[in-house]
Structures are given as C-alpha cells and as structure tokens.
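User: I am new to this structure and would like to go through it by question and answer. Please show it first.

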Amino acid sequence: MYRHIQALQQVSRRTLSTSALRQVENKVPHKQKHFQEDNGIPIHLKGGASDAILYRATMALTILGSAYVIYELVCAAFPKKKE
Amino acid sequence: MAHQAHAYHMVDPSPWPLTGAIAALLLTSGTAVWFHFHSLTLLTMGNILLLLTMYQWWRDIIREGTFQGHHTPPVQKGLRYGMILFITSEVFFFLGFFWAFYHSSLAPTPELGGCWPPTGIITLDPFEVPLLNTAVLLASGVTVTWAHHSIMEGERKQAIQSLTLTILLGFYFTFLQGMEYYEAPFTIADGVYGSTFFVATGFHGLHVIIGSTFLAVCLLRQVQYHFTSEHHFGFEAAAWYWHFVDVVWLFLYVSIYWWGS
C-alpha cells in the first residue's frame, strides 16, 4: 500500500513540476540577438509589428483623450442656460 | 553595438513619459467630471492609458536590461538608489495617515465621547482575522527570502515554487482583508475612526495588490530565464517593496487594530 502511495507521489511530482517547466524553453539568447541588431529602431518599436500596433493605439488614446478633456473643460466653463 | 565609451545608459527617445502624463491628466480631470457630471468616460480612458503606459514602459526596461545588456553595475546602482528613494517616499505617504490616526486617537474629542475607540464603535478583534493576516504576511516575508536565496543559488524549480507561494499568500491576505471589509460593523463614514481605519488599511491593501502584481511579473520572468544568479535586480526591487508592505502592516496592526481597540 505504501509503495503505491510512493509511486503516486513520484508520478505526480514529475508531471506537476518538471514537465510544466520543461515546456518553457530559454528564449533569452534569441531575444538578445534580436534586440541587439544594429537597425536604428528605437526600443519601443524594436519588438516587431505588434509593438507598432500597440504604440499607435496608445497614442490615439492619448490624443483623443486630450481632445476630450478640452471639450469637457469648455462644456464645464460655458454651461447651457435654461430659458 | 559599440557606440559608447562609458558604462552608463543613454536611453532611446520614448513616448511613454508623454502618454503617462496625459494619463494623469485624464485620471484627474476624469475624477472631477465623474463627481460633477456623473460620466465615467474620461476616468476609464485614463485608466486604460495608464495601464498601456505601464505595460510598455516596463516592457522596454526589461528589453534594455535583459536583452540589450544596458544594466551595467553603475546603472544597476542607480536603479537601486531609485527604488530605495521611491520606497522612502511611500514611507512618508503612510506616515501622514499614521499622523492623522494618532492625532485623533491620542486626544479624543468630546464629540467622540472623550474616549478611543469612540462611543458606539464596535472594533474588530485584533486576535482573530487581523492576527491571521499578520501571520500570512510574515510567512510571505520568509517565502520571498527563500525565493531570493533560490535564485542566487541557481535553484530554478525552488525559486519558482517559493515565489508562487509568496504570491498566493499575498492573494490570501487580500481575500481575508476583503472579507473583513465586508463584515466590518463600521464604515468609512463612521466618524474619524472609520476614516482613519479605512484610508490607512485601504491604501495598505492597494499596496499589497501592487506588490503581488510586481512579484507575479517577477515569477513570469523567472520562468522565462530572465534572472541569473548574479543579476536579478527586478526581483530584489519587488522583494524590497514586499518587505515594506509587510512592515507597514505590522505598524497598522499594532497601532490601529491592537492599541486602537
């Protein structure tokens, strides 16, 4: 009975700990080579196309947001009078 | 890239300081618009912009340090000074709320009944959930130290296990504190007792969430082999922050929960 429990412990330890970790391979050397390429691209865009998409979305929100703040400010400064 | 003849880091031009500043503008004006005109649009935009800025800015720092090798010893020294100064500023932030608590509780006004806790306030038993919370955070301090030693000794699996345990303890604290907030017999509107209690513990809880998030990012990085046994400052910064959060709780527990009950 005890040997069964031991075997179960070993199997679960192996499947839970090592296989879950073994699936993650070390991509750091690959990333180091990619980001050290001398192509003049700034760091915030150097990752690839998804960087550009995220940057454009962020900048769009920045500009839209700034415009909306000014709009709300103007609305708050000149409230509509009821007749 | 042998373009520089010094060990310092001259960063690439970046849009994130601007987007972060605009996020702050949207958050502050959004709060005002919410209060006066009941619209959450600006506030929501501000939060999204803040999250986008934080994600991309810190992603870029990881790229600059881990992938480009810019975090040389002098640069790392600067980062250490920076984190220490930031945590010091947070200490002063909490000091203000402790000042408020002691101001009101050391000389309770006649309106409160001339006593502390004020008349009518049913306090929480410091030896129930608050004591458990203390044990949880102290234990998490041990596990985060275990994680650090594991990283320094190159024990990958142990580092992942102990870091995960630390984060789980952080979540457990947040969950327990959430339950306490729900079940508490007093609210933030219950005079100066409620104000000092919920503002001080509330900001502390927010810092636990921030610290847990920081540690979670470190866990992801540890799994992805970012940390070496000699160079893992991101983790050290997270561990310092976590110890700070733990110490603040100890002061909260002794002052507000125990002495103040």
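User: Where is the place of Pro117(B) in chain B?
Analyst: This is a predicted model, in which local features need pLDDT of at least 70, side-chain atom pairs count only at pLDDT 80 or more, and totals for chains, interfaces and linings use all residues. Residues are numbered from 1 along each chain as its sequence is written, chains are lettered from A and ligands numbered from 1 in the order in which they are written, and side-chain values use heavy atoms, with hydrogens and water left out. Trp116(B) and Pro117(B) are joined by a cis peptide bond with omega about 0°. Taking helices as DSSP runs of H or I with at least four residues, and strands as runs of E with at least two, numbered from the N terminus, Pro117(B) is placed in the loop between helix H3 (73-106) and helix H4 (129-152) of chain B.

User: Which loop of chain B holds His38(B)?
Analyst: Most residues other than glycine have a negative phi, and most peptide bonds are trans. His38(B) has a positive phi, near 60°, although it is a residue other than glycine. Its place is the loop between H1 and helix H2 (41-67) of chain B.

User: How many helices does chain B have?
Analyst: Along the sequence, chain B follows the pattern α-α-α-α-α-α-α, and its C-alpha atoms fill a box of roughly 70 × 45 × 30 Å along the principal axes. Chain B has 0 strands, and its helices come to 7.

User: At what angle do the axes of H3(A) and H1(B) cross?
Analyst: Two packed helices are described by the angle between their axes and the distance between the axes. Here axes are lines fitted to C-alpha atoms, for helices over the stretch in contact, with angles from 0 to 180 degrees between N-to-C directions. Helix H3 (residues 49-77) of chain A and helix H1 (residues 16-37) of chain B have axes that come within 9 Å and cross at roughly 35°.

User: Which residues of H1(B) are met by H3(A)?
Analyst: Contact means heavy atoms within 4.5 Å. From H3(A), the residues taking part include Tyr55(A), Met59(A), Gly65(A) and Val69(A). In H1(B) they meet Trp16(B), Thr19(B), Ile22(B), Leu25(B), Leu26(B), Ser29(B), Val33(B) and Phe37(B).

User: What area is buried between chain A and chain B?
Analyst: The contact takes 31 residues from chain A and 37 residues from chain B. Buried area is the accessible area (1.4 Å probe) that two parts lose on being put together, summed over both. Carbon and sulfur atoms give 72% of this area, which is about 3000 Å².
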